[in-house]
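I opened my notebook to keep track of what I looked up in this one.

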Amino acid sequence: MLVSRVISILLVSVFLLQDAIASSLSVDKKELNALPVHKPPKIDGHLDDLAWEKAEIASNFVQYSPYNGAKAAFRTEVRVLYDHTAIYIGAKMYDPYPDSILTQLGQRDADRELNADQFSFDINPFNDGVNGMTFKVSASGVKTDKIRTSSSRHGSDKNWDAVWKSDVSIDNDGWSVEMKIPYSALRFPKTAIQQWGVNFWREIRRRREWSTWNYVNNEVGNSFNYLGELMGIKNIKPPLRLSVSPYVSGYLEKSSESSSWSSSYNGGMDLKYGINQSFTLDMTLIPDFGQVQSDDKVLNLTPFEVKYNEKRQFFTEGTELFNKGGIFYSRRVGGRPNGYRDAWNDLSDTEEVISNPAEAKLINATKVSGRTEGGLGIGFFNGMTKRMYAEIKDTESGETRKVLTQPFTNYNMLVFDQGLKNNSYLSFQNTNVLRDAPKEGNNYMANVTSTDFKLLNKSNLYSVSGQAALSQKYYDSLDTDLGYRVNLTLGKTGGVFRAYYETEIISDSYDPNDMGYERKSNEMSHQGTFSYNIFKPVGIIQSSRNSFEIEYTSLYKPATFSELKLSLNTFTSFMNFWYTMIEVQYTPLGKHDFYEPRVDNRSYYRYPTTELSSWVSTDRRKKLYGRFRFNYEKPNSPYNQNIYQFGIGPTFRMNDRLSLSYNLMYTRKKNDIGYVFRNSERDTIVFGMRNNLTIENTIESNLIFTSRSYLSFRLRHYWSRVDYTDQYFYLKDDGYLDPANDFEGTSDINFNIFNIDMVYVWRFAPGSEMSVVWKNAISSFSDKIINDVGDNLNYMFNSPQINSFSVKILYYLDYQYLRRKS
């Protein structure tokens, strides 16, 4: 208690001291006046309209990197216009060597992968230093747009796709961009005189130089704290924001076990409605996610659920509020039924499962989100899935029966997020899942409530952040399960030298997994981190982040030691634009693994282990570049164990339109020991020694026809085999192992996943697109090891597979556009 009080007093003192000197660290905000126009400019990439000549110029850019605060290498000039429908940005990026401007084409929102010069416009209409939007255009015309928020650990949402126009041109003086951003794409206060926070960014790709109009300190990390101000916008009214995007889709599918093709057709609609100037309703009716990229599935030998990325657009776009608090995992909505495996329970000798859908059918989903003039963000989500059944058939009588795998389920989430001064925030989240199955008797309600906060001082160098969450489950029997999670982080989190402390407690009954994802519960941890960072070039080093961490982990109940881990990490970018990362981890006391035994109050002792991880990334400006990875893990155990992994990932950019990438990941675990079987009658747990080899090959290619049309190809083959060595062990009460000579053994595993995703997309109008997709999927599982690569491929390709061809057309209809046309 005394220690915590001393820490609190010291922290408050540091805050007061930092605030006292913060005025010397603050940066003046530049101002720019927007010019009203009656005749808007033509968006063609040429700044030759008369309106541009009269507009005020934003210039005198300074570097963000590599030399933070230094004068930009080349001149940049930006002008801003506005009328009653939109804001217009015109930028001229001067370059004495226009033939050296990089212009690689790519898919929309591919700004980080593009080898191209770029111009970016940050805007925060509420001027709160916390939230806003980014609109970016490359010299090749590729667009990127993002929702930005400093009150989120995720920082930005690149899946948000607004409807706006842009065009570019290159001439003897450099390159130019014109942008038209309709007010329907923005949210701004309903006031007569607007005062927006803005900044302009430019990247000279061949120099890897980013520069900004208003200076941004790269030691702090939140660029929205350094916005300038856009003045002069008056008497504009937020328009009625109403749009619908109806779609139609058709599918042809064929399984190798079927002699004919099957077909299906779908239709539905996405709707967006601006409730007022700040809040938007998004709804998807009868959604179709059949064209979503295949998951990178893996063989899971761990006691934990594999977490896959969300790829469905409705659940990735505009979700920055719902990601707060870490209690919403959108894959739960319309994911695998929670009783999927129940279909195989209680089968008679003559019964078989003939149908068991792996995804719950989503009826509809709705989001309402926005932020008030006072900086209060409010979000509401609702989704509903229908009842799902597996079908069981008696092979002798021919009779069928159904087994409920998931009842009708209603998902809800409510978020409040208040932005505070100094980019601080305080938020509240609640999720609720109701499963309704009165006849089957397995309905219940799951509820999780959490709060999330971050408090920074004026300089943004010191912070305190934390979270608290309470999970509750209510059953028909009136039983209630309660659990909680709390964490706290405090210290110096900005600047060259950083030091902070983090602690987390997860109770043994905490369970948010009906709508969230928590890998494991019943754990306490304490972690101290010390880092030294280089933000300005020194010799051959452009920048560097170096840290040392010490982490102590134990069970929550009982409070039993689990692990002490020491970590040393360094990430360095060099002046030749190569990047390296090296990390060393060491567990001097070993680890008491309380999860591998798959039963409470038992642990498996893992011997002290040294792990080395590293990767190198070469200069991405070159036609041929790549990323190479190497990991080695060596336990100090009597079983001669080790793990090594290497990966190679070359990319060949043939020209500005065509690129080809290959990625190989090779992992070998020698004499790995893990859970095999539990005999509840004898109260014994059996572990087995195994050699595990995993080889993953991925080939990707992109052919970009224009900035609005592209063809992408992705092939992935994942092969993992588990070869048990016939050495089995009984887990002792102290966590060590005894030979299990009387155990007969278990089956080996030979597992393959093969996927092809080939996609053609044509964005034929703003917000409208046509997509044509071919998907091929193969999954094979055998209890016999296949060592030969050719034999394994032959076995895999002779396994059941599914081919799918689909076409989807989505058309964007905007109320304001239709009104002007009429």
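Which residue in E28 stands opposite Arg 485? I found Ile 506 there.

**Ground rules.** I am working with a predicted model, in which local features need pLDDT of at least 70 and side-chain atom pairs count only at pLDDT 80 or more, while totals for chains, interfaces and linings use all residues. Residues are numbered from 1 along each chain as its sequence is written, and side-chain values use heavy atoms, with hydrogens and water left out.

My labels are DSSP runs numbered from the N terminus: helices (H or I) have at least four residues and strands (E) at least two. I call two strands paired if DSSP finds at least two bridges between them. Strand E27 (residues 480-492) and strand E28 (residues 497-506) run antiparallel and are joined by eight bridges. They form a hairpin with four residues between them, and in the turn I noted Gly 495 with a positive phi of about 95°. E28 also pairs with strand E29 (residues 523-534), again antiparallel, over ten bridges. There I saw Glu 504 opposite Ser 525 in E29.

**An open sheet.** Next I followed five strands that form an open sheet in the order E2-E4-E5-E11-E10, with mixed pairing. Its edges are strand E2 (35-36) and strand E10 (165-171), each of which pairs on one side only. E2 and E4 run parallel, joined by two bridges, and Leu 35 stands opposite Leu 81 in E4.

**Cores.** Here I needed two terms. Buried means under 20% relative accessible area, exposed over 50%, and partly exposed in between (1.4 Å probe, protein chains only). A nonpolar core is a set of buried Ala, Val, Leu, Ile, Met, Phe, Trp, Tyr and Cys residues joined through side-chain atoms within 4.5 Å. The largest nonpolar core has 40 residues, of which Phe 119, Phe 135, Trp 196 and Phe 200 touch the most other members. Among the elements giving two or more residues to this core are strand E6 (118-124), strand E7 (131-138) and strand E12 (193-204). Apart from this core lies another, of 21 residues, including Phe 381 and Val 433.

I then listed contacts (heavy atoms within 4.5 Å). Leaving aside neighbours within four places in sequence, Phe 135 is in contact with residues including Phe 119, Trp 160, Trp 164 and Met 179.

**Aromatic pairs.** Rings of Phe, Tyr and Trp (its six-membered ring) pair if their centres lie within 6.5 Å; planes under 30 degrees apart count as stacked, over 60 as edge-to-face and the rest as tilted. My search of the whole structure gave 45 aromatic pairs. Phe 322 and Phe 381 have ring centres 6.4 Å apart and planes at 65°, so I wrote them down as edge-to-face. This pair links distant parts of the chain, 59 residues apart: Phe 322 is in the loop between H3 and strand E18 (351-355), and Phe 381 is in strand E20 (residues 376-385). Both are buried. A second pair, Tyr 639 and Phe 729, has centres 5.6 Å apart and planes at 65°, so that one is edge-to-face as well. Tyr 639 and Phe 729 are 90 residues apart, and both are buried. I also found one aromatic cluster formed by Phe 289, Phe 314, Phe 315, Phe 322, Phe 328 and Phe 381.

**Charges over rings.** I count a charge as over a ring if NZ of Lys or CZ of Arg is within 6 Å of the ring centre and within 35 degrees of the ring normal. Arg 75 lies over the face of Tyr 94, at 3.8 Å from the ring centre. Lys 402 has its charged end over the ring of Tyr 389, 5.7 Å from the centre.

Most residues other than glycine have a negative phi, and most peptide bonds are trans. I marked a cis peptide bond between Ser 65 and Pro 66, with omega about 10°; Pro 66 sits in the loop between strand E3 (62-65) and E4. Another cis bond joins Lys 557 and Pro 558, with omega about -10°. Phe 577 is not a glycine but has a positive phi of about 70°.
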